[in-house]
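This briefing gathers computed features of one protein model for a structural reader. Please consult the sequence and structure below alongside the text.

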Amino acid sequence: QVTGVTIAAEQKKFIDARIAERGLQDRVTIRLQDYRDVPERGHFDAVSSIEMGEHVGQGNYPTYAAVLHRSVKPGGRVLIQQMSRTGKWPGGGPFIESFIAPDMYMRPVGETVAFLEKGGLEVRDVHGLREHYVLTVAGWLERFDANLERLTELVGEEVVRVWRLYLVGGAMAFRDGRMGVDQILMVRPDGQHTLPWVRDW
């Protein structure tokens, strides 16, 4: 049984259609809801948040960590994946902040770990995926270029050029180590977890 939350109506519509295609309506529910409004307390066996943490804002990150902690059962697992960055542009720089993601805030992975630990979670593993994202963005760019005509029809040449520049620049940032992507695996420590003592993945 899976419950997902999103604040994007179009994303919910897309995912609901995929759920229906696969006949999973009795197993998967997507709610149009802000993460801060999730009412469950100590309810979920596991919680995952993928590429969202960098968009909650520096000031809201303690709240984000607290919601992750309170939503999962004691001993339950929490996995987040988010981008990291060291340096003077936590938002990614003027181009990204102006044209792509004005709400972005990236920090070194160690600072993120500290926020999550202060939120009551026990960090069990950190897996750096920076090199993986060089390949991921290359795949995105390949599909982007293969669908250039259709994309231009949808959003216009200027938007296409902005997003192509973003993808090319992103690939370089991951390649050169200016940005990273990390998966952080945690447990809520006030219960027995089931993670193996020796990492085998």
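The points that follow cover the nonpolar cores, the strand pairing, the helices, the loops and the salt bridges.

The model is a predicted one. Its largest nonpolar core has 20 residues, and a second, separate core has 18. Strand S6 (residues 180–187) pairs in the antiparallel sense with strand S4 (residues 72–84) and also runs antiparallel to strand S5 (residues 122–128). The count of salt bridges comes to 12.

**Nonpolar cores**

- Within the core of 20 residues, those with the most contacts are Met-83, Ile-96, Ile-100, Met-104, Phe-174, Met-179 and Val-181.
- Two elements, helix H5 (130–146) and helix H7 (157–175), each give two or more residues to this core.
- H7 supplies the largest share of the core, namely seven residues.
- The second core, which is separate and holds 18 residues, includes Val-47, Val-56, Tyr-61 and Met-186.
- Residues up to four places away in sequence aside, Val-181 touches Glu-51, Gln-81, Gln-82, Met-83, Ser-84, His-127, Gly-128, Leu-129, Arg-130, Tyr-133 and Phe-174.
- Two of these partners, Met-83 and Phe-174, are themselves listed with Val-181 among the residues with the most contacts inside the largest core.

**Strand S6 and its partners**

- Seven of the eight residues of S6 are buried, so this strand is largely enclosed by the rest of the structure.
- Eight bridges join S4 and S6 in the antiparallel sense, and Leu-79 stands opposite Leu-185 in S6.
- S5 and S6 are antiparallel and are joined by six bridges, with Gly-128 opposite Asp-182 in S6.
- Leu-79 lies in S4 and has a relative accessible area of 25%, so the residue is classed as partly exposed.
- Beyond its neighbours up to four places away in sequence, Leu-79 touches Val-47, Ser-48, Ser-49, Gln-183, Ile-184 and Leu-185.
- Leu-79 and Ser-49 are 30 residues apart along the chain, yet their C-alpha atoms are separated by 6.4 Å.

- Helix H1 (residues 9–21) comprises 13 residues and reaches 18 Å from its first C-alpha to its last, close to the 18 Å expected at 1.5 Å a residue.
- In H2 the buried residues are Tyr-61, Tyr-64, Ala-65, Val-67, Leu-68, His-69 and Ser-71.
- An α-helix has 3.6 residues a turn, so residues three or four places apart point the same way.
- The cover over the buried residues of H2 includes S3, S4 and helix H4 (109–118).
- Tyr-61, one of the buried residues of H2, is also included in the second core.

**Loops and local backbone**

- Glu-51 lies in the loop between strand S3 (44–50) and helix H2 (61–71).
- The phi of Glu-51 is near 55°, a positive value in a residue other than glycine.
- Glu-51 is also among the residues that Val-181 touches.
- Gln-33 is placed in the loop between strand S2 (28–32) and S3.
- With a relative accessible area of 18%, under the 20% cut-off, Gln-33 is buried.
- The contacts of Gln-33, apart from neighbours within four places in sequence, are Val-5, Thr-6, Ile-7, Val-38 and Pro-39.
- The side chain of Gln-33 also makes a polar contact with the side chain of Arg-31, at 3.0 Å.

**Salt bridges**

- Side chains of opposite charge can pair when their charged atoms come close.
- Arg-31 forms a salt bridge with Glu-40, and the closest N and O atoms are 3.0 Å apart.
- In this pair Arg-31 is partly exposed, with a relative accessible area of 22%, whereas Glu-40 is buried, at 16%.
- Asp-34 and Arg-36 meet through their side chains in a salt bridge of 2.9 Å, N to O.
- Arg-36 counts as partly exposed, at 40% relative accessibility.
- A salt bridge of 2.7 Å, N to O, brings together the side chains of Arg-175 and Asp-176.
- Asp-176 is partly exposed, with a relative accessible area of 41%.
- Arg-175, Asp-176 and Arg-178 are linked in a network of salt bridges.

Notes:
Residues are numbered from 1 along each chain as its sequence is written. This is a predicted model: local features need pLDDT of at least 70, side-chain atom pairs count only at pLDDT 80 or more; totals for chains, interfaces and linings use all residues. Side-chain values use heavy atoms; hydrogens and water are left out. A nonpolar core is a set of buried Ala, Val, Leu, Ile, Met, Phe, Trp, Tyr and Cys residues joined through side-chain atoms within 4.5 Å. Buried means under 20% relative accessible area, exposed over 50%, partly exposed in between (1.4 Å probe, protein chains only). Helices (H or I, at least four residues) and strands (E, at least two) are DSSP runs, numbered from the N terminus. Contact means heavy atoms within 4.5 Å. A salt bridge is a side-chain nitrogen of Lys or Arg within 4 Å of a carboxyl oxygen of Asp or Glu. The expected span of a helix is 1.5 Å times one less than its number of residues. A polar contact is a pair of N or O atoms within 3.5 Å; within protein, one must be able to donate a hydrogen and the other to accept it, and residues adjacent in sequence count only if both atoms are side-chain atoms. Two strands pair if DSSP finds at least two bridges between them.
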